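User: I have a model open and would like to go through it piece by piece. Can we start with the pockets?
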Amino acid sequence: MLYPVELRAQITNLQCFTVNHETFILHFSRYCSTVNLVKQRKPTKTWARTGHRNLLKHQQSGNYYARTFAGGKEIWKSLKTSHRSVAEARLAEFVKDHRKRLGNGGENSAKMTFGQAAKMHLQNIDDNPRLKPRTRDYWRQRLVALTKSWEELNETEVRKITQSDCKRWAGKYARKASPTNYNNTIALLRQVLSCAVDAGVIYANAAAALKRVTIRSKEIVLPSTDKFNALIVEMQNGHGRDSWNCADFAAGLAFTGMRKSETNALEWRDIDFEAGEVVVRGDETTGTKNWELRRVPLIADARTLFQRMRSERADEPLDAKVFRVGECQKALDRACKKVGAERITHHDLRHLFATRCIESGVDIPTVSRWLGHKDGGALAMKTYGHLRREHSIAQAQRVTFTPVSATPADIIAFAAANS
């Protein structure tokens, strides 16, 4: 094949040439008669600069990415947007978070294991003065359940725990755990990984995407007034050493709405017969569930119960415990069977108190305060709202626009006043 003189000179000297501003490379075979002209391709540009040192744009997807450095390594994070203004706002948060992690020594603890992060979290729990001992024990139980159901989790580096790992574990654990235990266990998993996030070891919580399961409300089956009274009598006649004490304890729970722990802590000084109320202090160390003292009015049945108990033990000091037993579940179970009532627990007696109050016309916010709730009645409305509606419907039957004619028996004659 023949070429112009100028072209042959370029081929001889450079093995490449330019025609119309396009570069060609010559590939020669072992035979001089075969020469292929191949156009040189420019490398594809993947990333576009934005004028910001930490912000780059992906050419193909159009999405923005944050890029920074730590310990001589590049750290990339998708900002999950193709809008420049949104990307810049998210980049600012990313950079701020990144600097905070470096300040916390995150690079020095990059190989932190889940067990080490869990130890940090347990220490945070112990250092929280607002948490009660039972709450701390419960979270430790959830940690044991988590590590038992996820093999080798304690030895796994937190940066190697992925969202897929968390979802895989959650899928298996949800099939064998109760909804409450499942929800609280994934909450613990998030909290432990949050410790690693705060320490600068990881940038995102892999458990954040786990979904809680719905907890179906337990149907409350409570005894009628007649059944409850028969149940108390049966407990009194149990022929046991503490039969009467157990009956008094059950009645005290039902007549005051106090929690079991609050009832255990009740002392004679807490019952004010003159003011007609009970001062609920809770445990002397941990107080009530929400740490606040509250006052519950003495309903007629409660006053009768406490006056009878006090008359039988008038010589006891004011700091003596009112109830001589701390629980009565076995006696309660036996009595329920005897009188043919559904099994109830100590906490169900608290529900019984609230139910009787609402059925008697007490408004839900007031009942909520008596129970020691701090949500203004939201939980009580959710739990007992159906009772409020039933009461409203019953009261509505008394409202009428139909004229009511008075009968002679309804008319009382009064003597005329002297002028």
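User: Which residues lie nearest the centre of the second largest pocket?
Analyst: This is a predicted model. Lys-77, Ser-78, Phe-94, Tyr-203 and Ala-204 lie nearest the centre of that pocket, out of eleven residues that line it.

User: Which elements give two or more residues to that lining?
Analyst: Strand 7 (73-78) and helix 2 (84-103) do.

User: And what is the lining of the second largest pocket like by class?
Analyst: Five of the lining residues are nonpolar, five are charged and one is polar. The space in the second largest pocket comes to about 310 Å³.

User: Stepping back, how many helices and strands does the chain have?
Analyst: There are 14 helices and ten strands in the chain. The chain has 419 residues, and 39% of them are buried.

User: What share of the contacts join residues at least 24 apart?
Analyst: Counting contacts between residues at least 6 apart in sequence, 54% join residues at least 24 apart.

User: Helix 7 next. Which of its residues are buried?
Analyst: Phe-228, Leu-231, Ile-232, Met-235 and Gln-236 are buried in helix 7. They sit on the same side of helix 7, because the arc they cover around the axis is only 140 degrees.

User: What do the buried residues of helix 7 pack against?
Analyst: Three helices: helix 8 (243-256), helix 11 (329-339) and helix 12 (346-359).

User: What span should helix 7 have at 1.5 Å a residue?
Analyst: Helix 7 runs over residues 225-236, and its twelve residues should span 16 Å. The C-alpha atoms at its ends are 17 Å apart, which agrees.

User: Now helix 10. How far does it reach from its first C-alpha to its last?
Analyst: Helix 10 (residues 300-312) reaches 19 Å with 13 residues, close to the 18 Å expected at 1.5 Å a residue.

User: Which residues of helix 10 are buried?
Analyst: Ala-302, Leu-305, Phe-306, Met-309 and Arg-310 are. Seen down the axis, the buried residues of helix 10 fall within an arc of 125 degrees, so they line one face of the helix.

User: Which residues are exposed on the other side of helix 10?
Analyst: Ala-300, Thr-304, Ser-311 and Glu-312 are exposed there. The buried residues of helix 10, for their part, pack against helix 8, strand 8 (271-272) and strand 9 (277-280).

User: Where is Glu-152 found?
Analyst: In the loop between helix 4 and helix 5 (163-174). Glu-152 is exposed, because its relative accessible area of 62% is over the 50% cut-off.

User: What about phi of His-239?
Analyst: Phi of His-239 is also a positive value, near 60 degrees, in a residue other than glycine. His-239 is in the loop between helix 7 and helix 8. With a relative accessible area of 79%, His-239 is exposed.

User: Last one, Gln-141. Where is its place?
Analyst: Gln-141 is in helix 4 (residues 133-149). Its relative accessible area is 47%, so Gln-141 is partly exposed.

User: How far apart are Gln-141 and Thr-185 in sequence and in space?
Analyst: They are 44 residues apart in sequence, and the C-alpha to C-alpha distance between Gln-141 and Thr-185 is 9.2 Å.

Methods: Residues numbered from 1 in each chain as written. Predicted model: local features only at pLDDT ≥ 70, side-chain atom pairs only at ≥ 80, totals over all residues. Heavy atoms only, no water. Helix = DSSP H or I, 4+ residues; strand = E, 2+ residues; numbered from the N terminus. Expected span 1.5 Å × (residues − 1). Buried < 20%, exposed > 50% of the residue type's maximum accessible area, 1.4 Å probe, protein only. Arc of directions from axis to C-beta. Contact = heavy atoms within 4.5 Å. 1 Å grid on protein atoms, 1.4 Å probe; cavity = no way out; pocket = protein on both sides within 12 Å on 5 of 7 lines; lining within 4 Å. Points joined across faces, edges and corners; volume = space filled by probe spheres on them. Nonpolar A, V, L, I, M, F, W, Y, C, P; charged D, E, K, R; others polar.
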